[in-house]
Amino acid sequence: MRTGTPPSQQHVADTHDLIRVHGARENNLKDVSVELPKRRLTVFTGVSGSGKSSLVFATIAAESQRMINETYSSFVQGFMPTLARPDVDVLDGLTTAIIVDQERMGADPRSTVGTATDANAMLRILFSRLGQPHIGSSQAFSFNVASISGAGAVTFEKDGKQVKERREFSITGGMCPRCEGRGQVNDINLAALYDAGKSLNEGAITIPGYSMEGWYGRIYRGCGWFDPDKPIRDYTQRELDDLLHKEATKIKVEGINLTYLGLIPQIQKSYLSKDIDSLQPHVRAFVERVATFTTCPECDGTRLNEAARSSKIKGISIGDACRMQISDLAAWVRDLDEPSVAPLLATLRHTLDSFVQIGLGYLSLERPSGTLSGGEAQRTKMIRHLGSALTDVTYVFDEPTIGLHPHDIQRMNDLLLRLRDKGNTVLVVEHKPEAIAIADHVVDLGPGAGTAGGEIVFEGTIEGLRASGTLTGRHLDDRAKLKPSVREPSGKLEVRGANTHNLRDVDVDIPLGVLVVVTGVAGSGKSSLIHGSVAGRDGVVSVDQGAIRGSRRSNPATYTGLLEPIRKAFAKANGVKPALFSANSEGACPNCNGAGVIYTDLGMMAGVATTCELCEGRRFDAAVLDYKFGGKDISEVLAMPVAAAEEFFRAGEAKLPAAHKILDRLVDVGLGYLTVGQPLTTLSGGERQRIKLATRMGENGGVYILDEPTTGLHLADVENLLGLLDRLVDSGKSVIVIEHHQAVMAHADWIIDLGPGAGHDGGLVVFEGTPAQLVADRSTLTGEHLAAYVG
């Protein structure tokens, strides 16, 4: 007979039910100590920049991942990203962390929703087993594998003798030969490549970076196939063909072996094969001028060759399947019943059903992954974890409600609770009251942002937070009121027959001179309408959610162009050249090359960064710091908070209107607490978007498009944002905001609501009018939620 443990005695293994953090100092955290319950849902709140991500991502999740990586062999660790140990005294009770962040998915033109979630791989196997006619293995259905075949003689040794044999090989791939599996072909406008009236020596080639003094000039002038002094319009057909189309050919110029490549294959390779959004602005402008992209006429945009399109299951090819809306594809897969592939069908059904559950049923598998919004990308990553058999894992989410209509937030809440109920610890960084409401435990950081934050101001339950008097607690029940009167429009911007993505020939007039909010459930066609039909027009400035690309050497001063007038002012005041006042140029400290820290690479272990002893982290050569402007040296200016710098450059001996204007805009968007020289890599998501907004506000445009500007904003900051939008409109601008936040909707002068559903159930304008009319009608999902919000 077994003797059980008396109920009063808890097993020692069950006592480790807390994650303990003591003395965390990452970024702006000030010796933070906190204990988090395991197998519960903990929400972290606080203003943008208060230290939430520093605690959750840079401390807890980073250490968990680092310790797991250390369990692999040193050979494997050599291929993994090396993570530094966070600056913390004690971390105890950690479990495996799975991070689901908002980073946009890789924008490789070959990556689609299907390839990113393995749904394509399963479909390919399915068609290779069941498709009729049978055309080959699963790679015959892959648009990333080209079909090639060849034959030739091979020499090998057999019984001590050299033997020669003829061998053949062939690979059957699914790639469309015309567009090389991209679904698009490009036509090139030759007038944008060269000026026909000039010769090469006169600089006929107008491609960015192709100067006649550089390597390209040496190659084209020295190849000997055409006269460098002859205008291009006088070339023979043969010479023009060599200049434009010649394939890679080895040549010798000035005694150096080089490769000659015609202009068109050269720009295909350098620019057109890359994701257009990742190019520098001047190169992107050139690509948009030189190339027009059209759907491939041969494969009709499916990316697949004829053989792959000919093999079908129940009359559907793999191209048709990837083109279907995922909710329809899930229904089609459910009808397939084939015992030989039963396990594969079960997994595929589960993956597709997860898309529908998570509110992404409106996507199709052929959608390029680079076109997903931050919220869609985050939910796509979640799909891998929904059916996971793992328990006792820590899931870390970064604002999972981003890009979700209030109607969809309930679904997301259910998913988070399901993950928790399987026995997992769920940590969520969040600002939306509807999402904070489901927390078992709340940790509120603050009291302010940047150096004014980094402390825990409240820990406990939602009721406790409401009564606590912290910034979050005070604003938790904030409800915006409908405006008593709305502005009168000064004109209208006409959109006719918009049919990008799921839009169904939409005609709409967008009023100008007022604040317009475009809303609707996720996937209803808001971004397709605005980015597809409005963004490209003259005088329109668009601020999207794309990540800021910046290294640890870039900071708000370099990104916004603020450093330029400051360097010139320092140079003029001291009679020296401006390059001395850049830490990335001549003024850099010789010891650390202007980085302020010295990085020591420890091979497979995390590298160590130590403050440079020579410049003490100031990044500049000591001689440069002797030059002053307004009584301060350049390192002191970069160490100032934006708000202090704005006062410094406003008046007095340091008056500098060009710098003051940029700083004023940064204060306007609520970034007064950032230091001017803070590395961009340390900014939170919300801060990056606002710094982008401040930069673009300086452009001369009459219409501003903002894509979910409340992303990463605390409830208290939303009021500041509304004030900023009002100031923009009052200064004579037209502002169009794509937004789900009810406070912004209530504050609008005009609302355009798309729907009624997502994907092919959306794409129509279901309401146009003032917020008060929308609330009175309650005719749409948005109307229902807005009416409930304003009470």
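I take two strands as paired if DSSP finds at least two bridges between them. Helices (H or I, at least four residues) and strands (E, at least two) are DSSP runs, which I number from the N terminus.

I note that this is a predicted model, where local features need pLDDT of at least 70, side-chain atom pairs count only at pLDDT 80 or more, and totals for chains, interfaces and linings use all residues. Residues are numbered from 1 along each chain as its sequence is written, and side-chain values use heavy atoms, with hydrogens and water left out.

Entry on the sheet. I looked up strand E1 (residues 18–24) and found that E1 pairs with E4 in the antiparallel sense over three bridges. Arg 20 stands opposite Asp 92 in E4. The order of the open sheet of three strands is E2-E1-E4, with antiparallel pairing. Strands E2 (32–37) and E4 (90–92) are at the edges with a single partner strand each, so one side of each has no neighbour in the sheet. On average, neighbouring strands of this sheet are turned by 5° against each other, direction ignored.

Entry on helix H1. Helix H1 (residues 52–69) packs on the sheet and touches E1, E2 and E4; contact means heavy atoms within 4.5 Å. The direction of H1 makes about 115° with that of E1. Axes are lines fitted to C-alpha atoms, for helices over the stretch in contact, and angles run from 0 to 180 degrees between N-to-C directions.

Entry on two helices. I looked up H13 (residues 374–386) and H14 (residues 406–421), which pack at an angle of about 35° with their axes 12 Å apart. The contact includes Arg 379 and Met 382 of H13 and Met 412 of H14.
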